[in-house]
Amino acid sequence: TDTLAAYSKPRPDGQPMFRLPPVTGGSVAFLSYASGAYLGRLVEVITKQAPVPLKLDSLYETDMAEGLKAMALEGHGLAFLPGSSVKKELKGKRLVRAAEGGSFELSMDVRIYRERPEMARHTKPGAQALWEFLQRA
């Protein structure tokens, strides 16, 4: 499991540069997933379930969480990112949660599937090594 939540670069006082809900009630600079990206669909669920309507001003779009994280680290806006991808940045205080109290987040299951080995025409050694590593973990 992992948690998808809103993150922002912190101001000098440690508070997020961009927060949810916005303090002023205006729009928030938003770093979004491209349409069709799975994490983008989860962000839609989060925003639709928000306790207050959100005005998100999309400034940048990609289907990769790492691209959004890089833009958030530069202070370009708020990004919804998996918690597992921002552990170092949170510890180093280069990113902070953009919402308080567990709001504006979603827990998700992360699963991996593979074709049954007996049904596969060809199993790549790298894929098999990954599967064995995951089984041990």
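**Close-up views of a predicted model**

The model is predicted, local features need pLDDT of at least 70, side-chain atom pairs count only at pLDDT 80 or more, and totals for chains, interfaces and linings use all residues. Residues are numbered from 1 along each chain as its sequence is written, and side-chain values use heavy atoms, with hydrogens and water left out.

**View 1. The aromatic pair of Phe30 and Phe80.** The ring centres are 6.2 Å apart and the planes stand at 75°, so the pair is edge-to-face (planes under 30 degrees apart count as stacked, over 60 as edge-to-face and the rest as tilted). Phe30 belongs to strand E2 and Phe80 to strand E4, so the pair ties together parts that are 50 residues apart in sequence. Helices (H or I, at least four residues) and strands (E, at least two) are DSSP runs numbered from the N terminus. Both Phe30 and Phe80 are buried (under 20% relative accessible area; exposed is over 50% and partly exposed in between, with a 1.4 Å probe and protein chains only).

**View 2. The buried side of helix H1 (residues 38-48).** Leu39, Gly40, Leu42, Val43 and Ile46 are buried in this helix. They cover an arc of only 155° around the axis, which puts them on the same side of H1; the arc is that of the directions from the helix axis to the C-beta atoms. The buried residues of H1 pack against strands E1 (2-8), E2 (28-33), E4 (78-82) and E6 (105-108) and against helix H2 (65-73), with contact meaning heavy atoms within 4.5 Å. Tyr38 and Lys48 are exposed on the face of H1 turned away from its buried side.

**View 3. Arg19 and Pro21 in the loop between E1 and E2.** The side chain of Arg19 makes a polar contact with that of Gln15 at 2.9 Å (a pair of N or O atoms within 3.5 Å; within protein, one must be able to donate a hydrogen and the other to accept it, and residues adjacent in sequence count only if both atoms are side-chain atoms). Not counting residues up to four places away in sequence, Arg19 touches Val28, Leu78, Ala98 and Glu100. The peptide bond from Leu20 to Pro21 is cis, with omega near -15°.

**View 4. Positive phi at Lys93 and at Phe104.** Lys93, in the loop between helix H3 (87-91) and strand E5 (96-97), has a phi of about 55° although it is not a glycine. Lys93 is exposed, with a relative accessible area of 64%. Phe104, in the loop between E5 and E6, has a phi of about 60° and is likewise not a glycine. Phe104 counts as buried, at 6% relative accessibility.

Methods
Rings of Phe, Tyr and Trp (its six-membered ring) pair if their centres lie within 6.5 Å; planes under 30 degrees apart count as stacked, over 60 as edge-to-face and the rest as tilted.
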